[in-house]
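Reader: Got a structure to go through with you. Can you put it up, and then we take it piece by piece?
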Amino acid sequence: MKIDIVTLFPEMFTGVFGSSILKKAQEKEAVSIRVVNFREYSASKHGSVDDYPYGGGAGMVLAPQPIFDAVEQLTGTAETKPRVLLMCPQGERLTQRKAEALAEEEHLVLICGHYEGYDERIREHLVTDEISIGDYVLTGGELAAMVVTDSVVRLLPGVLGKEESHVQDSFSTGLLEHPHYTRPADFRGMKVPDVLLSGNHAKIEEWRRKESLRRTYMRRADLLEGREWSKQEQQWLRE
Ligand code: ADE
């Protein structure tokens, strides 16, 4: 997969993309990430990227030219049609389902604005998806682009080892994850549940599924709406 990030602050990405699993994913060539500064595409003498809003008002608006030119240059020779994602609080909320859908794409371009609005023609004629990472306003789209990239790249084949597998993730199963414990079995009198020490794999599996359901019900009952309950789960509900 190819991911291109279009931003005024490329240096913000260095640490996140140069560390841990995102770094390894690039080394393994599961993903190729480019970060470009769209100021470099500005046709103006002074490299300006924004201007005053028509009709007046506070704040500046990101002009279409540098962003259109940057995206067109990045996608011009692409064989497959890239998805062009605009990071903004008005967008569709990022979910695990959305990350899974984006992970199927060949090429993503993520556009990040910073403390200003986007000219509407960018939304209407360049962008295929507007993405928000939550109902709060950030100073720019860069952190959102890192979140989107991270959530997508970890789903790509070969990126996570068996140890870190995403199959059991919270949300990918539709439920929150069950509790985890490691040694010691007794830490300052705080004990690990007996069943996990029993060696009975069927019982352990049942405990985990029950805890996962219980946790989801207690914390995120909204995730259970419309759920098809298995026979086993219906039995647990009656217990
Ligand atoms: N830019 C500013 N706030 C944002 C948010 N919540 N999600 C995505 N991009 C943003």
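Reader: Which residues does the UniProt "binding site" annotation cover?
Author: This is a predicted model. The UniProt annotation, from an unreviewed entry, covers G113, I133, G134, D135, Y136, V137 and L138.

Reader: Where does G134 lie?
Author: G134 is in the loop between β8 and α6 (142-153). D135 lies in the loop between β8 and α6 too.

Reader: Is G134 buried or exposed?
Author: Exposed. G134 has 11 C-beta neighbours inside 10 Å, and the cut-off for exposed is 12 or fewer. D135 also counts as exposed, because it has 7 such neighbours inside 10 Å.

Reader: And the ligand. Which residues are around it?
Author: M87, C88, P89, S132, I133, G134, Y136, V137, L138, G141 and A144.

Reader: Which strand gives the most to that shell?
Author: Strand β5, residues 83-93, with three residues.

Reader: How does the shell divide into nonpolar, polar and charged?
Author: Eight are nonpolar, three are polar and none is charged.

Reader: Back to β5. What is the strand order in its sheet?
Author: The order is β2-β1-β6-β5-β8. The sheet is open, has five strands and pairs in parallel.

Reader: Which strands stand at the edges?
Author: β2 (32-37) and β8 (129-132). Each has a single partner strand, so one side of each is left without a neighbour in the sheet. On average, neighbouring strands of this sheet are turned by 30° against each other, direction ignored.

Reader: How many bridges join β5 to β8?
Author: Five, and the two strands run parallel.

Reader: Changing topic. How is the chain divided into domains?
Author: Domain 1 is 2-153 and domain 2 is 167-238. Their centres, taken over C-alpha atoms, are separated by 37 Å.

Reader: Now the backbone. Which peptide bond is cis?
Author: The one from R183 to P184, with omega near 5°. P184 sits in the loop between α6 and β9 (186-187).

Reader: What about phi of S20?
Author: Phi of S20 is near 55°, which is positive in a residue other than glycine. S20 lies in helix α2, residues 20-27. S20 is exposed, with 11 other C-beta atoms within 10 Å.

Reader: And phi of R188?
Author: Near 50°, a positive value, and R188 is not a glycine either. R188 is in the loop between β9 and β10 (190-191). R188 counts as exposed because it has 5 C-beta neighbours inside 10 Å.

Note on methods
Residues numbered from 1 in each chain as written. Predicted model: local features only at pLDDT ≥ 70, side-chain atom pairs only at ≥ 80, totals over all residues. Near = placed C-beta within 6 Å. Helix = DSSP H or I, 4+ residues; strand = E, 2+ residues; numbered from the N terminus. Nonpolar A, V, L, I, M, F, W, Y, C, P; charged D, E, K, R; others polar. Pairing = 2+ DSSP bridges. Axes fitted to C-alpha atoms, helices over the stretch in contact; angles between N-to-C directions. UniProt positions renumbered as here; feature names shortened; annotations may be inferred. Buried ≥ 20, exposed ≤ 12 C-beta atoms within 10 Å, placed from the backbone. Domains from an automatic or database assignment.
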